[in-house]
Amino acid sequence: MFSPSEENYLKAIFHLSTVEKSGVSTNSIAAKLETKPSSVTDMIRKLSDKKVVSYKKYYGVELTEEGRKIAANIVRKHRLWEVFLVDKLNFSWDEVHDVAEQLEHIKSPKLINQIDAFLGFPTYDPHGDPIPDKEGNFKKVEKSLLSTLEKNESGLCIGVKDSSSEFLQFLDKKGIVLGKKIKVLEKEDFDDSLSIEIGDKKLSISKKIANNLYIQKA
């Protein structure tokens, strides 16, 4: 059994390991969890004793096979709860993250398996992130940031890098939703801002916005 705090560390390492090529640094973990590096060092020592992480000086932290399974299961629970809240309880996609953060620590495997079946075994959460299966496997999709597209290129909006409520609310206001085709009409050399077409709308968006939208290129 792991405490909610220990599970949060495992999940953080899991997420960071998808973007850092080698081991995950303690500073990266501290930044993600908004805590002190010294606190991270203490927790890594505890998790290492439980054989779910390994740490090498100057290399960083890695999940062991057992640690990866546990972390993937936490991610699975979190994302299934998000789907449940949006699809069955009419939460908006900007409301579900904090609630799912609490629900992901429920320990009952039967409960989460029943929810998975009840929802029809979804493979993506409301933010476009893949949901691991019971074995911790998930679909990997080739995706690019909208900011990497050039003029006249287009793609399907399939996810968000920033899942904060503020960003999601901004997207709602602009009518930018997952599953919609986005075409780049213009790209400004001065600040890399974009003029885009989504549906029957034409919008101007900043580089910051474009750096937080994932696109599956056409």
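Let's start in a loop: D192 sits between β5 (181–187) and β6 (194–198). Phi of D192 is near 60 degrees, a positive value in a residue other than glycine. D192 is partly exposed, with a relative accessible area of 31%. On that scale, buried means under 20% relative accessible area, exposed means over 50%, and partly exposed falls in between, using a 1.4 Å probe and protein chains only.

A word on the source. This is a predicted model, in which local features need pLDDT of at least 70 and side-chain atom pairs count only at pLDDT 80 or more, while totals for chains, interfaces and linings use all residues. Residues are numbered from 1 along each chain as its sequence is written, and side-chain values use heavy atoms, with hydrogens and water left out.

Next, another positive phi. E34 is a residue other than glycine, and its phi is near 55 degrees. E34 is in the loop between α2 and α3. Buried or exposed, then, for E34? Exposed, at a relative accessible area of 75%.

One more loop residue. S206 lies between β7 (201–205) and α8 (207–210). S206 is partly exposed, at 33% relative accessible area. S195 is 11 residues away along the chain, and the C-alpha atoms of S206 and S195 are 8.9 Å apart.

Now the helix packing. Two packed helices are described by the angle between their axes and the distance between the axes. The axes are lines fitted to C-alpha atoms, for helices over the stretch in contact, and the angles run from 0 to 180 degrees between N-to-C directions.

Take α4 and α5 to begin with. Helix α5 covers residues 96–103, and its axis is 9 Å from that of α4, at an angle of about 130 degrees. That makes α4 oblique to α5. For the cut-offs: under 35 degrees is roughly parallel, over 145 roughly antiparallel, 65 to 115 roughly perpendicular, and the rest oblique. The crossing of α4 past α5 is right-handed. Handedness works like this: left-handed if the near helix is turned anticlockwise from the far one by less than a right angle, right-handed if clockwise.

Which residues of α4 and α5 make the contact? From α4, they are H78, W81, E82, L85 and V86; from α5, V96, H97, V99, A100, E101 and L103. Contact means heavy atoms within 4.5 Å. By class, the residues of this α4 and α5 contact are 7 nonpolar, 2 polar and 2 charged. Ala, Val, Leu, Ile, Met, Phe, Trp, Tyr, Cys and Pro count as nonpolar; Asp, Glu, Lys and Arg as charged; the others, Gly among them, as polar.

E82 lies in α4. E82 counts as buried, at 1% relative accessibility. Not counting residues up to four places away in sequence, E82 touches V96, H97, A100, D125, P126 and H127. V96 lies in α5. V96 is buried too, at 0% relative accessibility. With the sequence neighbours up to four places away left out, V96 touches E82, L85, V86, F91 and H127.

On to α4 and α6. Helix α4 spans residues 65–89 and α6 spans 109–118; their axes come within 10 Å and cross at roughly 45 degrees. These two are therefore oblique to each other. Here α4 passes α6 in a left-handed crossing. The α4 side of the contact is R76, K77, L80, W81, F84 and K88, and the α6 side is L111, I112, N113, I115, D116 and F118. That contact divides into 7 nonpolar, 1 polar and 4 charged residues.

K11 is in helix α1, residues 4–17. K11 counts as buried, at 9% relative accessibility. Leaving aside neighbours within four places in sequence, K11 contacts A71, I74, V75, H78, E101 and E104.

Finally, the cores. A nonpolar core is a set of buried Ala, Val, Leu, Ile, Met, Phe, Trp, Tyr and Cys residues joined through side-chain atoms within 4.5 Å. The largest has 22 residues, and L10, I13, I29, L47 and V53 touch the most other members. Elements giving two or more residues to this core are α1, α2 (26–33), α3 (37–49), β2 (60–63) and α4. A second, separate core has 20 residues, including I182, V184, L203 and I209.

Notes. Helices (H or I, at least four residues) and strands (E, at least two) are DSSP runs, numbered from the N terminus.
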